[in-house]
Amino acid sequence: MRLHEYQAKQIFSKHGIRIPRGELATSVEEVRKIAEKLGGKVVLKSQVLVGGRGKAGGIKKAYTVDEAVEKAKGMFGSVLKGHVVEKIYVEEMMDIQREMYAGFTLDRANKGVAAILSSVGGMDIEEIADKHPEKIAKVTINPKWGLWDYQIRELLLNSEMPREYWKEVTSILKTLYRILVHHEAELVEINPLVVTPEGIVAADARLNIDDSALFRHKDLEELRDYTEADQMERIAMEKGLNYVKLDGNVGVMANGAGMAMATMDLIYIYGGKPANFLDIGGGASAEVVREAMNLILSDKNVRVVFINIFGGITRCDEVARGLVEALGEVSIPVVVRLAGTNEEEGRKIMEEFAKDRPNFHIVETMEEGAEKAVKLAEG
């Protein structure tokens with residue numbers, strides 16, 4: 001789950017990281033009031049969940065209240081990298097003397113957390129690494145032991161960080177790591193981390209939370225912005241389904257992420273394109289199956305549905321009952337493969353249901369099902 005800049009900054013501020021003064025606006029009139037409160041010289045920042053907003057024209061400076069209002073008029077309702085701008089964060093304009101970078105992210109290759117520090121910033125970290133490799137440093141943190149002082153000193157030295165900033169940057173790095181651990185985040189980042197006459201300030205903020213940990217962080221779940229999620233993915237979230245919309249025409253339903261990925265791979269191998277990834281989970285009930293089927297069928301691009309269930313915790317007869325309830329009025333072809341726990345009972349239910357339905361196909365194997373689904377989609 002990605003947070004907006006203003007949300008991440010609120011969290012950073014609570015943990016003691018200095019941020020600029022600013023407020024969120026959802027209308028031009030609110031922009032005027034906030035700009036007046038901040039003294040007129042402000043930065044208008046589009047709040048959309050994409051990177052590179054500055055390069056795309058989503059961040060604008062204004063030196064008077066009237067200029068802020070005029071620029072806000074052009075920003076509200078504009079489309080930035082496919083996202084409609086509905087919120088603008090109005091922030092005081094700072095006297096920036098230097099830009100730097102600080103961040104932590106999961107380092108799966110090394111089974112740890114990557115701490116990254118650069119004495120230059122204001123651009124993508126990949127661009128910093130390309131243009132200023134000598135000014136960027138990285139260390140891998142063992143999550144069992146946490147961030148050690150010697151690792152911070154290594155980052156400061158290897159990034160060529162000026163000595164006068166060491167004390168403040170050290171404090172910020174320790175705080176960022178605490179935020180990452182406390183919120184079970186996948187990424188926490190300040191870019192740019194800026195030097196001002198008042199001290200070092202987080203001019204921007206990114207915080208991406210691991211979705212799988214949200215059940216332990218109800219306060220963070222409330223921050224999720226559903227307006228930028230695909231409508232079908234939003235419905236899936238609300239129903240507890242693991243769903244990702246794709247651009248193909250073969251609908252996929254499977255139990256378990258691995259089974260769903262294998263099913264999608266087979267569809268590609270036989271020349272088709274999956275319309276979605278949908279994992280109904282290991283112990284799906286008839287009701288969950290019905291909800292999942294309705295979700296797939298709400299995608300107008302779907303021309304055929306391939307249901308691939310291997311019953312372990314999930315019982316094939318339970319899945320079959322859910323499918324019977326969901327498929328009563330379905331006109332497009334449906335291919336079903338059931339195997340595992342209560343397989344015979346499930347197949348009997350399906351075969352009885354399929355007697356008078358020529359669009360309904362029961363197969364023995366995944367390969368047979370994928371091939372059949374692709375041919376039906378082509379036809």
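Predicted model: local features only at pLDDT ≥ 70, side-chain atom pairs only at ≥ 80, totals over all residues.
Reader: Where do Glu-67 and Lys-71 sit relative to one another?

Author: Both belong to helix α3 (residues 65-75), and being 4 residues apart there, they are separated by about one helical turn. Helices (H or I, at least four residues) and strands (E, at least two) are DSSP runs, numbered from the N terminus.

Reader: How accessible are Glu-67 and Lys-71?

Author: Glu-67 is partly exposed at 24% relative accessible area, and Lys-71 is partly exposed at 28%. The cut-offs are under 20% for buried and over 50% for exposed, with partly exposed in between (1.4 Å probe, protein chains only).

Reader: And in helix α11, which residues are about one helical turn apart?

Author: Arg-321 and Glu-318, which are 3 residues apart in helix α11 (residues 316-326). They form a salt bridge whose closest N and O atoms are 3.8 Å apart. Arg-321 is partly exposed at 38%, as is Glu-318 at 23%.

Reader: How many salt bridges does a search of the whole structure find?

Author: The search finds 29. One of them joins the side chains of Lys-45 and Glu-91 (3.0 Å, N to O). Lys-45 lies in strand β2 and Glu-91 in strand β6, so this pair ties together parts that are 46 residues apart in sequence.

Reader: Are Lys-45 and Glu-91 buried or exposed?

Author: Both are buried. They also belong to a network of salt bridges that links Glu-5, Lys-9, Lys-45, Arg-53, Glu-91 and Asp-204.

Reader: Changing topic: how much space lies in the largest pocket?

Author: About 1,000 Å³. The search runs on a 1 Å grid over the protein atoms alone, and a pocket is an open set of points where a 1.4 Å probe fits, with protein on both sides within 12 Å along at least five of seven lines. Grid points are joined across faces, edges and corners, and the volume is the space filled by probe spheres set on the points.

Reader: Which residues lie nearest the centre of that pocket?

Author: Arg-53, Ile-59, Asn-191, Pro-192 and Asp-204, out of 44 lining residues. A lining residue has an atom within 4 Å of a point. Arg-53 and Asp-204 are also members of the salt-bridge network.

Reader: Which element gives the most to the lining?

Author: β7 does, with 5 residues. Among the elements that each supply at least two residues are β2 (42-46), β6 (88-92), β7 (98-107) and β10 (185-196).

Reader: What is the geometry of the peptide bond from Asn-191 to Pro-192?

Author: That bond is cis, with omega near 10°. Pro-192 lies in strand β10.

Reader: What about backbone angles elsewhere, say phi of Glu-160 and Asn-342?

Author: Phi of Glu-160 is near 60°, a positive value in a residue other than glycine. Glu-160 lies in the loop between α5 and α6 (166-182). Asn-342, likewise not glycine, has a positive phi near 55° and lies in the loop between β17 (334-340) and α12 (343-354).

Reader: Finally, what are the overall dimensions?

Author: The C-alpha atoms fill a box of roughly 80 × 50 × 35 Å, taken along the principal axes. The secondary structure comes to 13 helices and 18 strands, and of the 379 residues, 50% count as buried.

Methods: Residues numbered from 1 in each chain as written. Heavy atoms only, no water. Salt bridge = Lys/Arg side-chain N within 4 Å of Asp/Glu carboxyl O.
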